[in-house]
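Biologist: I have not worked with this protein before. Could you take me through the model step by step?

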Amino acid sequence: MRGLVSPIAPNIDLQGTRLPIYLHPSLPSVFTFEITARCQHRCAGCGNVFPHARKEMDVSQWEQIISKLRPHIKGLRITGGEPTLHHQFPVLIRQIDRLNVPFVLFTNGNWSHADAIIDLLKDCTNLEGILVSLHGNDPDSYAKFTGVNA
């Protein structure tokens, strides 16, 4: 008898997994959108291979992706680089909020227009949280790790 097979990757046998089959969805339900690779930090431990790239998809390109994934989206993580540096961040966040699915923003919190970003996020009805990465317990250790004095 053949073992349980993943519908998304048929060559992977799920029989030896510890999780019950109903916890192996055929599609992801929570998606992470890295909306930009740009970041104003130069963190020592950064895994972003293009941390200062200037190319990023515009809102119309994200709309195409979101429209295809929408039936499957149960939650979103918005990240980057630093997502607030996306050239259309406010428009994109409003678009994501209109999906009526919970989303979380992953950020370094180093915002040049903090009041505008806070106002934008306060207006979001589906924002479930903000994860702020803090790389140090004092200004000196933070600057040493991130390469910026912020």
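Biologist: To begin, how many helices and strands does the protein have?

Modeller: Please note that this is a predicted model. The protein has four helices and four strands.

Biologist: In what order do the elements run from the N terminus on?

Modeller: The order is β-α-β-α-β-α-β-α.

Biologist: What share of the residues counts as buried?

Modeller: Of the 150 residues of the protein, 32% are buried. As for contacts with a separation of 6 or more, 69% of them come from residues 24 or more positions apart.

Biologist: Let us turn to the helices. At what angle do helix 1 and helix 2 cross?

Modeller: Helix 1, residues 59-69, crosses helix 2 at roughly 20°, and their axes come within 10 Å. Helix 1 is therefore roughly parallel to helix 2, since angles under 35 degrees count as such.

Biologist: Is that crossing left-handed or right-handed?

Modeller: Helix 1 passes helix 2 in a right-handed crossing.

Biologist: Which residues meet there?

Modeller: From helix 1 come Val-59, Trp-62, Glu-63 and Ile-66, and they meet Val-91, Leu-92, Gln-95 and Ile-96 of helix 2. By class, this contact has six nonpolar residues, one polar and one charged.

Biologist: And how far apart are the axes of helix 2 and helix 3?

Modeller: The axes of helix 2 (residues 89-97) and helix 3 (residues 114-122) are 10 Å apart, and the two helices pack at an angle of about 15°. Helix 2 is thus roughly parallel to helix 3. The crossing of helix 2 and helix 3 is right-handed.

Biologist: Which residues make the contact between helix 2 and helix 3?

Modeller: Helix 2 contributes Phe-89, Pro-90, Ile-93 and Arg-94, while helix 3 contributes Ile-117, Leu-120 and Leu-121. The contact of helix 2 with helix 3 has six nonpolar residues, one charged residue and no polar ones.

Biologist: Which residues of helix 2 are buried?

Modeller: The buried residues of helix 2 are Phe-89, Leu-92, Ile-93, Gln-95, Ile-96 and Asp-97.

Biologist: What do those buried residues pack against?

Modeller: The buried residues of helix 2 pack against helix 1 and helix 3, and also against strand 1, strand 2 (75-80), strand 3 (103-107) and strand 4 (127-132).

Biologist: A change of topic: where does Thr-36 lie?

Modeller: Thr-36 lies in strand 1, which spans residues 30-36.

Biologist: What does the side chain of Thr-36 reach?

Modeller: The side chain of Thr-36 reaches the backbone nitrogen of Arg-38 at 3.1 Å. That side chain also makes a polar contact with the side chain of Glu-56, at 2.4 Å. Leaving aside residues up to four places away in sequence, Thr-36 touches Glu-56, Thr-79, Gly-80, Gly-81, Glu-82, Pro-83 and His-86.

Biologist: Finally, helix 4. Which residue caps its N-terminal end?

Modeller: Asp-138 caps helix 4, residues 139-146, with a side-chain oxygen 3.1 Å from the backbone nitrogen of Asp-140. Just after helix 4, Gly-147 takes a positive phi of about 80°.

Biologist: Is Lys-144 buried or exposed?

Modeller: Lys-144, which is found in helix 4, counts as exposed because its relative accessibility is 76%. Lys-144 and Cys-43 are 101 residues apart in sequence, and their C-alpha atoms are 8.5 Å apart in space.

Key: Residues are numbered from 1 along each chain as its sequence is written. This is a predicted model: local features need pLDDT of at least 70, side-chain atom pairs count only at pLDDT 80 or more; totals for chains, interfaces and linings use all residues. Side-chain values use heavy atoms; hydrogens and water are left out. Axes are lines fitted to C-alpha atoms, for helices over the stretch in contact, and angles run from 0 to 180 degrees between N-to-C directions. Angles under 35 degrees count as roughly parallel, over 145 as roughly antiparallel, 65 to 115 as roughly perpendicular and the rest as oblique. A crossing is left-handed if the near helix is turned anticlockwise from the far one by less than a right angle, and right-handed if clockwise. Contact means heavy atoms within 4.5 Å. Ala, Val, Leu, Ile, Met, Phe, Trp, Tyr, Cys and Pro count as nonpolar, Asp, Glu, Lys and Arg as charged, and the others, Gly among them, as polar. A polar contact is a pair of N or O atoms within 3.5 Å; within protein, one must be able to donate a hydrogen and the other to accept it, and residues adjacent in sequence count only if both atoms are side-chain atoms. Buried means under 20% relative accessible area, exposed over 50%, partly exposed in between (1.4 Å probe, protein chains only).
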